Amino acid sequence: LEAYHSMGWNAQPSQIHFSTNKHYQFGANLLCLHGLYYSTHGGWWEWAPPDFHFRMPYWPHFKNWLKSAERLSYLLSQGTHVCDVAIMYPVAPLQANNGGDKTVAFQTGEILFNSGMDFDFIDFQSLNRAEISNNRFSVCDENYQVLILADMSAIHFSSLQKALEIFNKGGTVIGVGKLPLASDRTGAKDREIDNILQTIFGHSALEATNLTQPYLHEKEGVGIYFPAAGENMAEVISPYIHRDFYPKNGKGSVLHRKIGDKDLYMVMDVPKGSTCFFRTKGKPSLLNTENGEYKHMDIVEQTNDGTFLRLPLGIDEANLILFTPGEATVGKDN
């Protein structure tokens with residue numbers, strides 16, 4: 001993507017730094033910059049600034065910034081991604097042309113991500129390959145606790161069967177907006193679709209349209225239905241899963257990579273000094289990609305579930321925290 005498009009000719013170093021960190025937190029791990037314009041033809045808006053060269057105010061600092069981006073690329077290319085939530089990518093409703101809206105899936109992802117609950121979009125082929133055990137389902141190196149069907153008014157029947165299997169084996173399945181009315185099995189008005197939805201959510205697709213509040217259906221697994229994507233989604237889901245990360249104030253974003261016996265977390269959008277939970281143990285260190293240095297961090301508390309610590313950097317900065325094997329030090333002020 002053109003991550004810096006339209007930032008303007010007066011883009012400041014802090015803007016470039018924030019934008020880079022944010023896109024890397026979204027999952028990028030490689031930077032490829034736009035070339036130098038031979039001429040800007042006398043205009044402040046010639047095609048698409050910024051131009052990564054001497055015309056920009058950050059140019060004196062650019063060499064150091066590139067080194068920082070190189071370190072970040074290396075770090076986030078290691079190990080495997082860790083997150084709890086898989087959102088079904090809403091291709092089937094668009095293929096069926098029956099009123100599906102991809103924006104609901106994107107809204108759901110944005111709300112969860114900004115509440116400290118990372119997610120992947122998953123396609124139906126990958127879901128079909130998923131193996132289910134211990135209330136989780138795994139695909140390749142990814143391991144999820146939650147499957148979300150967001151505005152899936154049509155669905156591959158194999159995906160619906162897999163959702164049922166996840167539910168029956170103790171997993172959590174979330175529905176947002178429209179539930180499936182049709183599949184590639186026999187089209188619409190399929191009683192088997194209604195039976196599966198009744199089992200998972202306690203309602204068929206048509207019955208769910210009468211709901212105005214989130215509905216919890218708990219049997220072998222947990223089924224939660226949201227009439228629409230709402231700001232309280234993470235709060236409603238959290239009691240039914242073991243969160244990988246959460247900020248005490250409820251807002252913030254995270255990327256987690258497992259690198260051998262180490263855990264790397266990239267936390268942003270959380271006020272400086274806020275207490276956050278990390279589903280890991282060990283000795284935390286704060287990494288500085290600008291100079292390649294690190295420093296050990298004190299923790300607030302360590303429990304059987306994980307570690308609580310206070311973030312040293314502010315809302316617009318990236319807290320790169322690496323947990324390594326060892327005994328953590330509890331801060332004196334805790």
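1. N249 touches P271 and S274, leaving aside residues up to four places away in sequence; contact means heavy atoms within 4.5 Å. This is a predicted model: local features need pLDDT of at least 70, side-chain atom pairs count only at pLDDT 80 or more, and totals for chains, interfaces and linings use all residues. Residues are numbered from 1 along each chain as its sequence is written, and side-chain values use heavy atoms, with hydrogens and water left out.

2. N249 sits in the loop between β14 (245–247) and β15 (253–259). Strands are DSSP runs of E, at least two residues, and helices are runs of H or I, at least four, numbered from the N terminus. N249 counts as partly exposed because its relative accessibility is 40% (buried is under 20%, exposed over 50%, partly exposed in between; 1.4 Å probe, protein chains only).

3. A polar atom of the N249 side chain lies 3.0 Å from the backbone nitrogen of K251.

4. The whole structure holds two cavities of 30 Å³ or more. A cavity is a set of points, on a 1 Å grid over the protein atoms alone, where a 1.4 Å probe fits but cannot get out; lining residues have an atom within 4 Å of a point. Volume is the space filled by probe spheres set on the points, which are joined across faces, edges and corners.

5. The largest cavity has about 60 Å³ of space. Its lining includes D84, R243 and H256.

6. The second largest cavity has about 40 Å³. α2 (62–75) and α1 (13–25) each supply at least two lining residues. α2 gives the most, with four.

Key:
A polar contact is a pair of N or O atoms within 3.5 Å; within protein, one must be able to donate a hydrogen and the other to accept it, and residues adjacent in sequence count only if both atoms are side-chain atoms. On a 1 Å grid over the protein atoms alone, a cavity is a set of points where a 1.4 Å probe fits but cannot get out, and a pocket is an open set with protein on both sides within 12 Å along at least five of seven lines; lining residues have an atom within 4 Å of a point.
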